[in-house]
Amino acid sequence: METTHPVPGVALRLLENLTSAVLLFDARLRLRYINPAGEMLFALSARHLLGQDAQTILPCPGGQLSHKLEQVMRSAQPVTERELELPLHDGRRVTISCTAQALPDEGSGSEVMVELIQLDRQLRISREEHLLSQQRATQSLVRGLAHEVKNPLGGLRGAAQLLDAELADPGLREYTRIIIAEADRLQVLMDRMLGPNRPQRFEEVNIHQVLERVRLLVEAETGLAVLTDYDPSLPPVRGDVDRLIQALLNIARNGARAAGADGRLVFATRVQRKFTIGERHYRLVVRVEIRDDGPGIPQDLQERIFLPMVSGEQGGTGLGLTIAQTLVNQHGGLIECQSESGDTRFLVYLPLDPSYER
Ligand SMILES: Nc1ncnc2c1ncn2[C@@H]1O[C@H](COP(=O)(O)OP(=O)(O)O)[C@@H](O)[C@H]1O
Ligand SMILES: [Mg+2]
C-alpha cells in the first residue's frame, strides 16, 4: 500500500473535479492513481483498479495503448492517440482520445500520466434525446389509434349481438359469432396497446424482487435457467411494481425466445452515475440489463423494434417492446438496445428517487 498519496493537495483537488479521466502509472506500468472521472468511465472503484497493470486496464486491441505507454516512458515524448476503441470490463465499448506523458517521479524513474477523453458521450446524449422524443411520438400515436379503434368496437359488438338474437337460422349465427369473437380479440389487443388502465401506484420498489418474479415466470414458461448478476447494494427505485414486472417480462420473454432452449439469458443490475435521460441529469440511475446469446436483431429491424406492430416473429403482435417502453417512460426511464450476433442487450435505466436529481 502507498504511504504517501501520489498526488498532493491542490493538484489533487483539481484532478478530482476534472471531467476527463486521469490515470497515473508507475515505472512498471501499474496504476498508482485514478481520478473520480476515471472510476466513472471504467465503472470500477479506485480500490479495485490500483495496482493493476496498464494492459489489463486499457485492453485496446493488439496492446496498442500499453505499447504506447512503454514508448512514452522510454522516450519521454508525449503521445496522443485519437479515436481508440476501448473495451470495458462489463462488455461496454467506448471511443476515447488518449494523451500520455512521462513525468519524472521523486526517485530516479519516471511515471506516465494518461488522460482519457470519452468521445461517444456527447454523441450518446444526443442519440438518447432523439430516442426519447421518438418514443414519445410513438406513444401518443399508439394511444390515439387505440382509442379510435376501441370506440366503434363497442357499437359493432353490440349490434352483432342484437343481430345474433334475431337470427332464426343457426347457420347465419356462425357469422355473428365470428364478428363478436373478432371484436373481442381486437378489444383485448387495444387494451394492451393502451397499457394498464388503473392509476399508477408508486412506491419504493426493490428491483431485484421485480426481477426475481420475472425470472420465475420466464423459467416456468420456457424451462430456461436464467442467470443473475445482481448488485446487492442497489438502492430501491420508486415505481409501480406491476408495471415494472410487465415491462421487464416483455423484454425477458423476447430474450428467452431468442436464446432458445439451451441458450443463455442473464439479468444483471448496476448503479450508474451521472446519467442523462431526456433533459434531466441524474446523479444515480439503476441499470437493469437483460442479455441473451441468441442470433441478435437484424440491423434493419433494430431501429424499429419499439414501434407497435413491428415484429420479426411469425404470429408476434409487435407490442411487447412498445408496451415495455411506455411503462418504463412512465417511470422517467429509458430503454436502450445493443445487439450483435450472440450478444443482445436491453438496458433499462430507471432514475432513483427524483430527489437524487442534480
Ligand atoms: N432479444 C432479442 N433477440 C432478437 N430479436 C429480438 C429480441 N428482442 C426483440 N427482438 C425483435 O424485436 C421484435 C419486436 O419485439 P416485441 O415488440 O416484443 O414483439 P413480438 O415479440 O410480439 O414480436 C421481435 O419480433 C424480434 O424480432
Ligand atoms: Mg415480444
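Colleague: Before we start, how are residues, chains and ligands numbered or lettered?
Modeller: Residues count from 1 along each chain as its sequence is written, while chains are lettered from A and ligands numbered from 1 in the order in which they are written. Since this is a predicted model, local features need pLDDT of at least 70 and side-chain atom pairs count only at pLDDT 80 or more, but totals for chains, interfaces and linings use all residues.

Colleague: How many helices and strands does the protein have?
Modeller: Both kinds of element are DSSP runs numbered from the N terminus: helices are H or I with at least four residues, and strands are E with at least two. On that basis, the protein has 11 helices and 12 strands.

Colleague: What radius of gyration does the protein have, next to a compact globule of 358 residues?
Modeller: The radius is taken over C-alpha atoms, and the globule rule is 2.2 Å times the number of residues to the power 0.38. The C-alpha trace spans about 105 × 40 × 35 Å along its principal axes. A compact globule of 358 residues would come out near 21 Å, but the protein has 26 Å.

Colleague: How far apart are the C-alpha centres of domain 1 and domain 3?
Modeller: Domain bounds come from an automatic or database domain assignment. That assignment gives domain 1 (9-118), domain 2 (126-194) and domain 3 (200-358). The C-alpha centres of domain 1 and domain 3 lie apart by 33 Å.

Colleague: Which are the edge strands of the five-stranded open sheet?
Modeller: Two strands pair if DSSP finds at least two bridges between them. The sheet runs S2-S1-S5-S4-S3 with antiparallel pairing. An edge strand pairs on one side only, and that picks out S2 (31-34) and S3 (79-87).

Colleague: Which residue of S5 stands opposite Leu-24?
Modeller: Strand S1 (residues 21-25) is joined to S2 by three bridges, and there Leu-24 has Tyr-33 as its partner. Five bridges join S1 to S5. In S5, the residue opposite Leu-24 is Met-113.

Colleague: And in S5, what is the bridge partner of Ala-100?
Modeller: S4 and S5 run antiparallel and share nine bridges. One of the pairs is Cys-98 with Leu-116 in S5. For Ala-100, the partner in S5 is Val-114.

Colleague: Which residue takes a positive phi in the hairpin of S3 and S4?
Modeller: S3 and S4 pair antiparallel over seven bridges, with Leu-86 opposite Val-94 in S4. The hairpin has five residues between the strands, and the one with a phi near 95 degrees is Gly-91.

Colleague: Which helix gives the largest share of the shell around ligand 1?
Modeller: A residue is near a molecule if its C-beta atom, placed from the backbone, lies within 6 Å of it. The shell has 22 residues, with Ala-258 and Gly-312 among the closest. Helix H9 (241-259) and helix H11 (320-330) each give two or more residues. The largest share, four residues, comes from H9.
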